Amino acid sequence: MDRVTSEMPSEGAVRSDGVALEVADVVKRFGPALPWLRRRGRSVTAVDHVSFTVRRGEIFGILGPNGSGKSTLIRLLSTLLIPDSGEIRAFGIDVVRQPTRVKRSINRVSVEAAFFKKLSPMENLLFAARVYGLEGRAARAAIRRILDDLGIDGKAVTAPMEEMSRGMQQKVAIARAFLTSPALLLLDEPTTGLDPRAKHDVQAFVRETRRLHDVTVVLTTHDMTEAEQLCDRVAIFDRGRIVALDTPEGLRRAASERVGRPATLEDVFLSLTGRRLEDEEEVVEG
Ligand SMILES: Nc1ncnc2c1ncn2[C@@H]1O[C@H](COP(=O)(O)OP(=O)(O)OP(=O)(O)O)[C@@H](O)[C@H]1O
Ligand SMILES: [Mg+2]
């Protein structure tokens, strides 16, 4: 994949010391939207005093059960939400104070990505490319290559999106995010709902892209194996807080000491929270 555009901000003091992302004591609460409901409704602290740093070129995983605050954190990082307190910097640029500058170097993919359903992956991606000032034969070639790397080829490239499986659509969303060669890529559950083959394609693509380009990836997942195989470091999230942060190996080593036998990442979560990762299907209150 070519670096089709250079999205790094050119002016001002952009950090170049190997730090991609700094999250310092960030809090985000959701309360009942309407004042007269406030007495009855409960407020949720979705992200609760979270701090961490991601190095440039790292694949950083956020592993946590449903409702633990993963998507909220990703939205905060991508400037879609504003934190109640705390600071977030991407390449040294304050996400709250300079969202426009930050947006030039980051891209987010969420499970509920929107497309023109009647149009094909090629047409959707050509549209996205045009928004970023990329057109013509170069755009087509770059799109074909990205789609091909993700295992989307043949008729699927030109068939309407609405005829594609959710997994396929998810891959197209990922292709779209890579199209602009973002310096920081935020992937909210990039492989959830994909079959093993599609999951493998997406993971291989993320790894390969990191190998070839100067990209930093922050991804969320429920999947222990994915966190273990794909991520350089993993933050384990529980109820809006980071309960552990280390390499997968480091997390397992610490858990092995706690449980007194060789531990899996599943043991890591269980030994930290007393609960199983999959058990936590919390009822999401609106
Ligand atoms: N816009 C919102 N308004 C009110 N509450 C919200 C909003 N977004 C998220 N929440 C609440 O914040 C908490 C964290 O939600 P979030 O979606 O960040 O979790 P998650 O870890 O991404 O979960 P999942 O694995 O199901 O995607 C939940 O209790 C959720 O109900
Ligand atoms: Mg989520």
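Student: Before we look around, what counts as a pocket here?
Tutor: A pocket is an open set of grid points with protein on both sides within 12 Å along at least five of seven lines. Keep in mind that this is a predicted model.

Student: Okay, how much space lies in the second largest pocket?
Tutor: About 510 Å³.

Student: And which residues are closest to its centre?
Tutor: Those are N107, R108, V109, Y132 and R176, out of 21 residues that line the second largest pocket.

Student: Which elements give two or more residues to that lining?
Tutor: Strand β6 (106-109) does, and so do helices α3 (121-131) and α5 (166-179).

Student: What's the lining like by class?
Tutor: The second largest pocket has twelve nonpolar residues in its lining, along with five polar and four charged ones.

Student: Let's zoom out. How many helices and strands does the chain have?
Tutor: Nine helices and ten strands. The protein chain has 286 residues, and 48% of them count as buried.

Student: What about contacts between residues at least 6 apart in sequence?
Tutor: In the protein chain, 70% of those contacts join residues at least 24 apart.

Student: What does N124 touch?
Tutor: Leaving out residues up to four places away in sequence, N124 touches F115, F116, L119 and M161.

Student: Where's K118, then?
Tutor: K118 is in the loop between β6 and α3.

Student: Buried or exposed?
Tutor: K118 is exposed, because its relative accessible area is 63% and exposed means over 50%.

Student: Which residues does K118 touch?
Tutor: K118 touches P160 and E162, again not counting residues up to four places away in sequence. The C-alpha atom of K118 also lies 6.2 Å from that of M161, although the two residues are 43 apart along the chain.

Student: New topic: how many residues does α4 have?
Tutor: Helix α4 (residues 136-149) has 14 residues. From first C-alpha to last, α4 reaches 20 Å, close to the 20 Å expected at 1.5 Å a residue.

Student: Which residues of α4 are buried?
Tutor: A139, A142, I143, I146 and L147. Seen down the axis of α4, its buried residues fall within an arc of 130°, so they line one face of the helix.

Student: What covers them?
Tutor: The cover over the buried residues of α4 includes α3, α5 and α6 (196-212).

Student: And what comes just after α4?
Tutor: G151, which takes a positive phi of about 80°.

Student: How about α8, what span should that helix have?
Tutor: Helix α8 (residues 248-259) has twelve residues, so at 1.5 Å a residue α8 should span 16 Å. Its end C-alpha atoms are 16 Å apart, which agrees.

Student: Which residues in α8 are buried?
Tutor: P248, G250, L251 and A255 are. Looking down the axis of α8, the buried residues fall within an arc of 165°, so they line one face of the helix.

Student: Which ones are exposed on the other side?
Tutor: R253 and E257 are exposed on the other side of α8.

Student: What do the buried ones pack against?
Tutor: The buried residues of α8 pack against α7 (224-230), β9 (233-238), β10 (241-246) and α9 (265-273).

Student: Last one: which residue just after α8 takes a positive phi?
Tutor: That's G260, with a phi of about 75°.

Terms used:
Residues numbered from 1 in each chain as written. Chains lettered and ligands numbered in written order. Predicted model: local features only at pLDDT ≥ 70, side-chain atom pairs only at ≥ 80, totals over all residues. Heavy atoms only, no water. 1 Å grid on protein atoms, 1.4 Å probe; cavity = no way out; pocket = protein on both sides within 12 Å on 5 of 7 lines; lining within 4 Å. Points joined across faces, edges and corners; volume = space filled by probe spheres on them. Helix = DSSP H or I, 4+ residues; strand = E, 2+ residues; numbered from the N terminus. Nonpolar A, V, L, I, M, F, W, Y, C, P; charged D, E, K, R; others polar. Expected span 1.5 Å × (residues − 1). Buried < 20%, exposed > 50% of the residue type's maximum accessible area, 1.4 Å probe, protein only. Arc of directions from axis to C-beta. Contact = heavy atoms within 4.5 Å.
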